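Have the coordinates open in a viewer. The walk below begins at one residue and widens out from there.

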Amino acid sequence: MPEGAAPDGIRRRHLSRAGFAELTWNAATRPGLFSRVAGTAALAAVLALFMGCAPKPVSRAGFFFGTVIEVTVSGSGSAAGEAALDAVFSRFEELEQRLSATVAGSDVDRLGDGAGEAVAVSDDALRVLSRAYYFAELTGGAFDPTIGPLVALWGIGSDGARVPSDEEITAARALVDYRRASVDEAAGTATLSAGQRADLGGIAKGYAADEAGRILNEAGIGHALVNLGGNILTLGGRPEGGPWRIGLQDPFGERGDYIGVLEITDGTAVTSGAYERYFEKDGVRYHHLLDPSTGYPARSGLVSVTIVAPSSTDADALSTAAFILGPEEGIALVESLAQTGAIFVTEDRRVIVTVNLAESFKLTDDTYTLQKR
Amino acid sequence: MILTRFKKGDLFVAVVTATLLLAAGAAALIARAGAGDPVAIVIVDGAAVDIINLRDARAEERVYASALGTCAVAFEPGRVRIAAADCPDQVCVHTGWISRPGQSAVCVPGRVAVVVRGDRAEVDAIVG
């Protein structure tokens, strides 16, 4: 769900009021409410059953970027695993405070408030913005981090979701243009033109996943599965041996139904899907993947695009861009990039897989047709 | 919160009792569960408060209150769902029934989650 961080003011308010309690279900935990302790004890018992004698994985979950994040680590002692998870979840909180468009006072928020002038922002914001502009350039604006005014106008994923008038869309669309925005890494500043607003919902979760991977790697964690609401990053393979097995969400099914299995070792997979966030009005479904060139949800014949790449930041931006570009241009884009693969699912239930994923992806649902490149 | 009305000693007793009860419950569950049965874990405000072997689940509805909201969770043999919630977006309710390891129904605004886990899952996670 690359756009997860974007449009949900309601969730932010709830979250920031109560802080960022993390869910934890491993053996060693911080002292807390009795329910936490009791639940943890019971869960540790259940996990002990599941895991048998294998190196004991440690898991934790929390709510960030408008979604639930689960991280499981193993291949290290559980104390080391706990410490690494502490570092990862503090980092998630820090990144949300800097990169969310809906957290008041975040870098992205201040950037919009100060539009027209250079605004000093964190190194994280500089890095993500600069990568975002790179992909905006590469995709001719199909991915555009200045999409803020359109995201706010539609409000998809929030209480205020509605179909705007053509005039409103024209006015908001006129503000969306990455070529009128810039970053100055040497000066530590970023600049938008008057009226523009940034939204990093299509890339920030990927960056958070990469940061989690970096922290876990530096902590000497051998195997990890990082799941940011359906964006997956893995370190190593499964603790039991072999690659991680990742199910590809069925775009027409229930959450958790999958149409095929993707095997990944030391890599990331990110999906943009029309089913992730949407609302319905007069029988029409409006999803959250807005096309900057029309101002409306993209209608490219696709229902989902999954990108497999070494960098989750890149995979996040690319999945959004490829969805908006559609199957032909999207595949051309992916095939032009090194070490990057994709799985496109079309409205007419075709599954198009790039050559480099032919070995690692197996379609398991025969109501779909596999189309190899 | 209700907890603030308790004295520290009461809280300690509650913690120990609840821990023992739940641990005993988990032990009983483990003894009965066939290895690999899907298990529903209900997480409220960051804590796992219920663990239910879905194979043995009876049709019932349980209500969970977090600091931020209330969720009604419906169980049936083999499956579970969030049946009602007082959150604004109802994403958790729209998720519908879940039954297989790896699936989850999550109320982000209310901070209640139901996750299904098991050790014989065919996949480790779902991308999407």
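Start with Phe75(B). Phe75(B) is buried, because 22 other C-beta atoms lie within 10 Å. The cut-offs are these: a residue is buried with 20 or more other C-beta atoms within 10 Å of its own, exposed with 12 or fewer, and partly exposed in between, with C-beta atoms placed from the backbone. This is a predicted model: local features need pLDDT of at least 70, side-chain atom pairs count only at pLDDT 80 or more, and totals for chains, interfaces and linings use all residues. Residues are numbered from 1 along each chain as its sequence is written, while chains are lettered from A and ligands numbered from 1 in the order in which they are written.

Where does Phe75(B) lie? Its place is strand E4 of chain B, residues 70–76. Helices (H or I, at least four residues) and strands (E, at least two) are DSSP runs, numbered from the N terminus. Setting aside residues up to four places away in sequence, Phe75(B) touches Ile52(B), Ala57(B), Arg58(B), Ala59(B), Glu60(B) and Val80(B). Contact here has a cut-off: the C-beta atoms of the two residues, placed from the backbone, lie within 7 Å. Take Glu60(B) from that list. Glu60(B) and Phe75(B) are 15 residues apart in sequence, yet 5.4 Å apart in space, C-alpha to C-alpha.

Ile52(B) is the bridge partner, in E2(B), of Ala40(B). Strand E1 of chain B, residues 39–44, is joined to E2(B) by six bridges, and the two run antiparallel. Two strands pair if DSSP finds at least two bridges between them. The open sheet has four strands in the order E2-E1-E7-E6 of chain B, with antiparallel pairing. Its edges are strand E2 (47–53) and strand E6 (104–107) of chain B, each pairing on one side only. From one strand to the next, the twist averages 15°. Axes are lines fitted to C-alpha atoms, for helices over the stretch in contact, and angles run from 0 to 180 degrees between N-to-C directions.

Now take chain B as a whole. It holds two helices and eight strands. Along the sequence the pattern reads α-β-β-β-β-β-α-β-β-β. Of its 128 residues, 43% count as buried. Among contacts in chain B with a separation of 6 or more, 33% are between residues 24 or more positions apart.

Chain A has 10 helices and 18 strands. Of its 373 residues, 56% count as buried. Residues 24 or more positions apart make up 64% of the chain A contacts with a separation of 6 or more.

Chain A is assigned domain 1 (1–100 + 205–233), domain 2 (106–191) and domain 3 (243–373). Such bounds come from an automatic or database domain assignment. The centres of domain 2 and domain 3 of chain A, taken over C-alpha atoms, are 24 Å apart. Across this boundary, 20 residues of domain 2 of chain A are in contact with 18 residues of domain 3 of chain A. Which elements give two or more residues to the domain 2 side? They are helix H5 (123–138), helix H6 (148–154) and helix H7 (166–173) of chain A. By class, that side has 14 nonpolar, three polar and three charged residues. Ala, Val, Leu, Ile, Met, Phe, Trp, Tyr, Cys and Pro count as nonpolar, Asp, Glu, Lys and Arg as charged, and the others, Gly among them, as polar.

Next comes a sheet in chain A. Three strands form an open sheet in the order E4-E6-E5, with antiparallel pairing. Strand E4 (118–120) and strand E5 (182–184) of chain A each have a single partner strand, so one side of each lacks a neighbour in the sheet. Neighbouring strands are turned by 25° against each other on average, direction ignored. H5(A) packs on this sheet, touching E5 and E6 of chain A, and its direction makes about 135° with that of E5(A).

Finish with the core. The largest nonpolar core has 135 residues, and those with the most contacts inside it are Ile307(A), Ala321(A), Ala322(A) and Cys107(B). A nonpolar core is a set of buried Ala, Val, Leu, Ile, Met, Phe, Trp, Tyr and Cys residues joined through C-beta atoms within 7 Å. Leaving aside neighbours within four places in sequence, Ala321(A) is in contact with Phe135(A), Thr139(A), Ala142(A), Phe143(A) and Leu333(A).
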